[in-house]
Amino acid sequence: MKFAENNRISHRQMYRQMNLTFLAPFLLCLFGRGQLQGLSGLVGIAAAVVVLLFYVIFLIRLGPYYADMEKTAGSVGCRLIGIFLIVYILLTGAYLLAVTEEVVPASLLTGVSGRWISFFAVIVCSFGAHKGMQRRGRMAEVSGGFLLGGILLMMILCLGQSRFSYFQEMLTASFLTGAGCLKSFYGILCAFSGIGLIPFVLENVEKQGSAWKPAVLGILTLGGILLGMLLLFPAVFGWQRLLTEPYPVLPLLAGADLPGNVLARFDVLWMGFLIYSLLFAIGSLFHYGHQIIRRSHLGTGRFWLAAVMYFLSIWDFGAGGISGYYGSYLAYIFVPGLLLIQIFLMLRGKLRRKKRAAAVTASLLMLSLFFTGCSGIEPEKRMYPLALGVNTSENGFSMTYGMPDLPQATGQEKQEESDSTSVLTIEGENFSGIEAAYNRSQEKYLDMGHLQVLILGNDILENGKWVLLLDYLEQEPYVGENVYVFRTEDPRAVLDWKSKSGTSVGEYLTGLLENRTSGQQKRGVTLRQLYHERYQSGTLPAMPEIRLDQAGIQVYDV
């Protein structure tokens, strides 16, 4: 079987890419001309960071709906969403190019036209942007730590220039108002709106289920730097000067020298960090632009994206060009529109499930249970399979449910009680027929919410009918995507196996993967990885193999 693990990035690479993408735009664009300052700015940043932490969890759950937008939103909806997002890519790239045209000639290359600088920046940043995420991950792996360390070192060196009397000016001159806090809060949300594109990269991230961790860490890191700079600027410049500086970070760089003036023009090094981050951000826009064009079936964008972006950056819109309109575009068009699109994709994706009515009914039952106490189906009247074996049979398919011995597992078993059967096999022409057969013959409700292990027979893997199984499991709202998947010759024989300790097969196999030190852990494959590989290439990843011999269960890594 094909097992495609290429073009993946680690959590550390994802975290460093966030820092590289956002640091320079934030430091250059958020603090100038009285945009984000004072006590209201501090409160606004803190509140926005809290909201963004929850928003990231929402984005991670949206990942499956972005995997095939045409399937989720329909042909027309997919293309409309793609056009909306491409407009954001173009305008954001044009805005960052305009900032580059203004900052670089003033700080590094005096006398050189800003339009030539942005022209070469477009060429460099667009080159190879369509070739995948892994290359960008390696760039971030090498340079992300240096950039973050350089910015933190700059802040530490600038502390020696700060004066408490300057800082007191901010405390006395700035007022904490509700309108100011709300403006700063929404401004930070708009600045962070680029993280709304994270679902497009999830399929290229290892361990997608926990991809929220680097995203959360990135938001906390960036939010902490913003709070630190908001305190540092007035302490170094004083309140009145800060109100007039268009890019206060630039004069801050000039004073961040090593003790003893070891190197002249040490600010060039800090400026190099910011320009590199700015170019990385533009390159990220090109990469996401290609991803959006591909998934929304808008053709290819290798050339016209760069041309349109550069044209927008030099076009005189009036009122300061693109810089004069970009903030209003984010606040009044993109951020509300993006939120509506994401809600639409989430609802549309859920409504596509054939058993959406059952899911709604189950949700209502859970709510009634929560609010009214003992109602619904009691726990003792449910069957909780921890392991599920699936294979083909003469009648079509067979499903074997492996349940733990609940009295023994909870320590309530009585000596006079005999062992009860903990394995149930049902056959049918299809999975819906098996489910109907269970409901006709078993007295307990089948609760699949505790499933830990899925064991697939070699026959169902080799004849290609595993596709029908994945379709069935995707419709089951209570089967988690973190279920471990194995392959074996006879799933029923594996589930019939009894451990000496009395542990169920589901718990036993989960323990083999998780209850080891980092150097001894076996490589597990989850149901989410099967879904991803199925949509990515129409195949399945290689899965750990279970072999049953006289010594018991043996699990062989992929």
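**Exercise 1.** Is R534 buried or exposed?

*Solution.* The structure is a predicted model. Buried means under 20% relative accessible area. R534 has a relative accessible area of 18%, so R534 is buried.

**Exercise 2.** Determine which parts of the chain the salt bridge between D471 and R534 ties together.

*Solution.* Begin with the contact itself: the closest N and O atoms of D471 and R534 are 2.9 Å apart. Next, locate the partners. D471 belongs to helix α18 (residues 466-475) and R534 to helix α21 (residues 527-537), so the bridge ties together parts that are 63 residues apart in sequence. Finally, consider accessibility: D471, with a relative accessible area of 27%, is partly exposed.

**Exercise 3.** Describe the salt bridge that R492 forms with D496.

*Solution.* The closest N and O atoms of this pair are 2.7 Å apart. Both residues lie in helix α19, 4 residues apart, which is about one turn of the helix. As to accessibility, R492 is partly exposed at 32%, and D496 is partly exposed at 33%.

**Exercise 4.** Classify S284 by accessibility and identify the residues it touches.

*Solution.* S284 is placed in helix α11 (residues 267-295). Its relative accessibility is 5%, and it therefore counts as buried. When residues up to four places away in sequence are not counted, S284 touches T21 and R136.

**Exercise 5.** Which residues gather with E489 in a patch of negative charge on the surface?

*Solution.* The patch brings E489 together with D459, E462 and D490. E489 itself is found in the loop between β7 (484-488) and α19 (491-496). With 54% relative accessibility, E489 counts as exposed.

How values were computed
Residues are numbered from 1 along each chain as its sequence is written. This is a predicted model: local features need pLDDT of at least 70, side-chain atom pairs count only at pLDDT 80 or more; totals for chains, interfaces and linings use all residues. Side-chain values use heavy atoms; hydrogens and water are left out. Patches are made of residues with over 30% relative accessible area and no salt bridge: like charges are joined within 9 Å, nonpolar side chains (Val, Leu, Ile, Met, Phe, Trp, Tyr) within 5 Å. Accessible areas come from the Shrake-Rupley method with a 1.4 Å probe; for residues, only the protein chains shown count as cover. A salt bridge is a side-chain nitrogen of Lys or Arg within 4 Å of a carboxyl oxygen of Asp or Glu. Lys and Arg count as positive and Asp and Glu as negative; His and the chain ends are not counted. The place of a charge is taken as NZ of Lys, CZ of Arg, CG of Asp or CD of Glu. Helices (H or I, at least four residues) and strands (E, at least two) are DSSP runs, numbered from the N terminus. Buried means under 20% relative accessible area, exposed over 50%, partly exposed in between (1.4 Å probe, protein chains only). Contact means heavy atoms within 4.5 Å.
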